[in-house]
Amino acid sequence: MADQQLSNTDPKRSTRRVVGWCMAGVVGMFAFGFAMVPLYDVFCEITGINGKTGGRYESTEVAEADVTRTVKVQFLASNGPGMTWKFRPVVRSVEVHPGEPTTVNFYAENPTSEPMVGQAVPSLAPSEGTLYFHKTECFCFNQQPLDAGESTEMPLIFIVDKDLPAHITKLTLSYTLYDQGKQAAVTQNSRKETTTNDNG
Amino acid sequence: MAVTGVFMSAVADTHAQDHHHGPAKGISRWLLTTNHKDIGSMYLIFSFTMFLLGGAMAMVIRAELFQPGLQIVQPEFFNQMTTMHGLIMVFGAVMPAFVGLANWMLPLMIGAPDMALPRMNNWSFWLLPCAFLILVSTLFMEGGAPNFGWTFYAPLSTTYGPPSTTFFIFAVHIMGVSSIMGAINVIATILNMRAPGMTLMKMPLFVWTWLITAFLLIAVMPVLAGVVTMMLMDINFGTSFFDASGGGDPVLFQHVFWFFGHPEVYIMILPAFGAVSHIIPAFSRKPLFGYASMVYAVGAIALLSFVVWAHHMFTVGIPIVGQLFFMYATMLIAVPTGVKVFNWVATMFRGSLSFEAPMLFAVAFVILFTIGGFSGLMLAIAPADFQYHDTYFVVAHFHYVLVPGAIFGIFASAYFWLPKWTGHMYDETLAKTHFWLSFIGMNLAFFPMHFLGLAGMPRRIPDYALQFADFNMISSIGAFMFGATQLLFLLIVVKCVMGGKKASAKPWDGAEGLEWTVPSPAPYHTFSTPPEVK
Amino acid sequence: MRVHAQRAGALIGGLMFPAWSMADWTLNMTPGVTGTSNDIFSLHMTILWICVVIGVVVFGVMFWSIFAHRKSQGAKPANFHENTLVEVLWTIIPFVILVVMAIPATATLVDMYDTTESEVDIKITGYQWKWQYEYINEDFGYFSNLSTPREQIENRQVKGENYLLEVDNPLVIPVGKKVRFLLTANDVIHSWWVPDFGVKKDAIPGFINETWTRVDEPGIYRGQCTELCGKDHGFMPVVVEAVPEEEYNAWVAEQKEAAERERQLTEKDWTMDELMERGEKAYASACAACHQPNGQGAPPAFPSLVGTQVVTEDMAAHIDIVVNGVSGTAMQAFGNQLSEVDLAAVITYERNAWGNNTGDMVTPKEIFDYKSQQ
């Protein structure tokens, strides 16, 4: 062992070297802990494991719909804690052919007497289907401000990928709507905004 | 602290005259000491204090669970007790106890005069009381102590945590720094200060297991620091690492936490593996069977521990591929663990066995740890885990691994090396009583928990349905018995420090190793000139 | 063996706690009532027996050594310390056993993950500390709260048979049909578990998880939340009623009708008399236990409502107390337990009954707006 040779000649220097390596390990692992956050996001994006659907889908090729197959897509809407808006999908579910773009709307109403901002966070079950669910337009890409008493219909345009594994016949897309505070507070801190947009 | 003084003086005073530079006098000796034996003793005393404190909290838990209904504490406080019991036992009792043993024994075992970094050693000890002062003080804060379980899952610990959470995070940071410094010290000592001729494959197993443990500590304690830092930022600086409303993911918390958490489990058990691998051969009067395979098995367990973390998360909705990977990887751990158990049994086989207290604890360690290993294997089977997860079956499992594993391992080590530390033999009758009461109490407390879990009792609940009443009562009785018995250990140690039959340099006829070549009690300074290892 | 253990247990139990009628010495997992739970049970038993066999062999050798190779018996130690063949064997044999165990485990897991072709879809949302069930194909839903009275928990009343495992509104599912559960949570992570189904899945805020079951036998099945979710984690049971299909359909129709009625009631214009009439009933079921039918209460724990400040003066404060409760006291938050109509009726009733006669009236619409603004 090189270390040992060294220890016989100059233990002090060798100790310093070992400590140096250890400290490098500690700093590296601390950084790794934080790196797990983006790594996890990337990992999830590649594998779709946590059901977070991806960002805006841009496809160059014009895919033809696979009319031999029908997939049922269900929509769910929930409110986050303290969120008082009325929030629901306009249609409960649609049957689509993989490859065909479909538009659906979600209804949102701010029944309070204050202007508010909402942010919808998507999640898909089964998570295995996440990779094959593409959104070309979604209200969840951005925050949604609503004035007191205002209501709106928010669009979602999606395409179910033709490569969707054959055993998946039903996809459930769930949105949870979170209160992002009063309108004045639209500019949230940076991470909040970037991540929401990422995962929108 | 009176005990501290007595304990230390047994080590120090007898030999102060033998050497020109003995220990300093008074309190500054303890505050400023850089002597590995002093620091080791302080670690052990601190750890035992924390063991009693964490144990007292367990008594509160078991008292509340003695009967259905809320009798003694309210659910808020009950949750604080379970949380603090876990944190104190893991970070305050088990880990410092092993660092204490390492401090005392590593230099003696490898023939080094002291640890490689004695001043850092002092600092890493004194950080611990600070950390735990902060942690325990949260009990008296507005809103109470942390109440989210020792696993502090977000968002219960972030958005919904009590105000004291920030102090909890600070305490975790400090004890993390302490553990990391301790680990660096161990690595530097083992790699650089071994006596001439002691190659890696000639190192005693306790040294080997601690070397691997230290690497695990360096790999995962920073990750723990990272995850609590993220919590701190989520709570105080408006980030959303774990908050779904800002695009974060609560499940990410669990991934990062268990990336730390699973190796942490092995950090708490590997040094015990090492110690038991000295004690069983000593009292079997026969060399350890399969030294090399023991070393490789520990290495394999340590490596596998990095790729099994999600078996704590089988119910969070991991896709099936992930589920299968983590199930197979976890099952694989049974192989090296099995090898170790077989080796211990083979060491005993055709030996010449005697059953002094260290051996009793070591044999109980092997048996009960194996039972914990069996339930661990059952928990590894992902489909079955859907039934076991977060029930008392899990509580039974990890207490079977940690109480007879870590704690019995520590008791075995303490009895094994007490003569070396104090120069006196401990009271064998009392020690055997301590063992049998602990053994019975422990099994009475934790075995019925298997039944409770299988019958459907969730963990971390202050009150339960009536069909769980009988086993809970038995379990509580066992727990009280186990708890009370530990005061006996205090008595035995104090008695042993104060006096008793003089111990020879090697009080156990079957024991091997450099530590037995120095007189008992070990002089304040040992191996100033390194011994030769053939 | 198990029978003996049970008998011994029952005997000890009978001697120690003769008054306990609920003595239950269940030692093992029960097979449950679904295919999944039966698969899990047989997996569990297989592993258990494998462990028992390994344990008997290993501990057998160990105890043999302990008895036969004792120094006090004059045993002389052998000096072997390795044997490559043995060491390789005891690495390979456990590995093979593990592979054998992994095969059925994998098959069961694949089956558990197959959520396709479900006939009923139910969304389950975990709240601190209750469950919300929504029948997403039918447009109705409700909360399911613990119904064990506080008195039983605090030992002031004899505990009932289903102590802590009973709810006001159980989940109702049809027998023999594949029911798919979609789980999420409002605040913190919860976990929904029914042991008899072999179903346990975490409910995570912002994320949706899915699992399924098919129950073969009608009955009432009980479980609990299994992820620490705060103070009342131990007090949010799961109760599922599996009923035959016709009964289920009738129940669904009834629920839809009730939901529709409730919607109309909130919208409609209420008169004072109507509110008073409904309020009297709601008061009797939700409030009278503590505040007494005559409003006199039982001070100091349960204040009187006759002529007291809360019910005669500021209306907003009154609404706040009823909707949000008073923390640290027995006054619960009724905001999520009662409908807007009942809340409005109760408050109106309290302000006008027993000679309070304030003439104040609050409508369901106003309650709805009040709750919206919180």
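**Close-up views of a predicted model**

**View 1. Contact between chains B and C.** In this predicted model, chain C gives 81 residues to the contact and chain B gives 77 residues. On the side of chain C that touches chain B, the elements that give two or more residues are helix 2 (35-68), helix 3 (84-112) and strand 7 (199-203) of chain C. By class, this side of chain C holds 42 nonpolar, 23 polar and 16 charged residues.

**View 2. The largest nonpolar core.** This core has 306 residues, of which B:Ile187, B:Phe361, B:Phe365 and B:Ala412 touch the most other members. Helix 4 (residues 75-110) of chain B supplies the largest share of the core, 22 residues. A second, separate core of 16 residues has C:Trp270, C:Tyr283, C:Val341 and C:Val362 among its members.

**View 3. Surroundings of B:Ala412.** Leaving out residues up to four places away in sequence, B:Ala412 touches B:Ala275, B:Val276 and B:Ile279, together with B:Pro358, B:Phe361, B:Ala362 and B:Phe365. B:Phe361 and B:Phe365 are, like B:Ala412, among the residues that touch the most other members of the largest nonpolar core.

**View 4. B:Met203 in a loop of chain B.** B:Met203 lies in the loop between helix 6 (165-192) and helix 7 (205-236) of chain B. B:Met203 counts as buried because it has 22 C-beta neighbours inside 10 Å, where the cut-off for a buried residue is 20 or more. Its contacts, not counting residues up to four places away in sequence, are B:Ile110, B:Met198 and B:Trp208. From C-alpha to C-alpha, B:Met203 and B:Ile190 are 9.2 Å apart in space, and they are 13 residues apart in sequence.

How values were computed: Residues are numbered from 1 along each chain as its sequence is written. Chains are lettered from A and ligands numbered from 1 in the order in which they are written. This is a predicted model: local features need pLDDT of at least 70, side-chain atom pairs count only at pLDDT 80 or more; totals for chains, interfaces and linings use all residues. A nonpolar core is a set of buried Ala, Val, Leu, Ile, Met, Phe, Trp, Tyr and Cys residues joined through C-beta atoms within 7 Å. A residue is buried if 20 or more other C-beta atoms lie within 10 Å of its own, exposed if 12 or fewer, and partly exposed in between; C-beta atoms are placed from the backbone. Helices (H or I, at least four residues) and strands (E, at least two) are DSSP runs, numbered from the N terminus. Two residues are in contact if their C-beta atoms, placed from the backbone, lie within 7 Å. Ala, Val, Leu, Ile, Met, Phe, Trp, Tyr, Cys and Pro count as nonpolar, Asp, Glu, Lys and Arg as charged, and the others, Gly among them, as polar.
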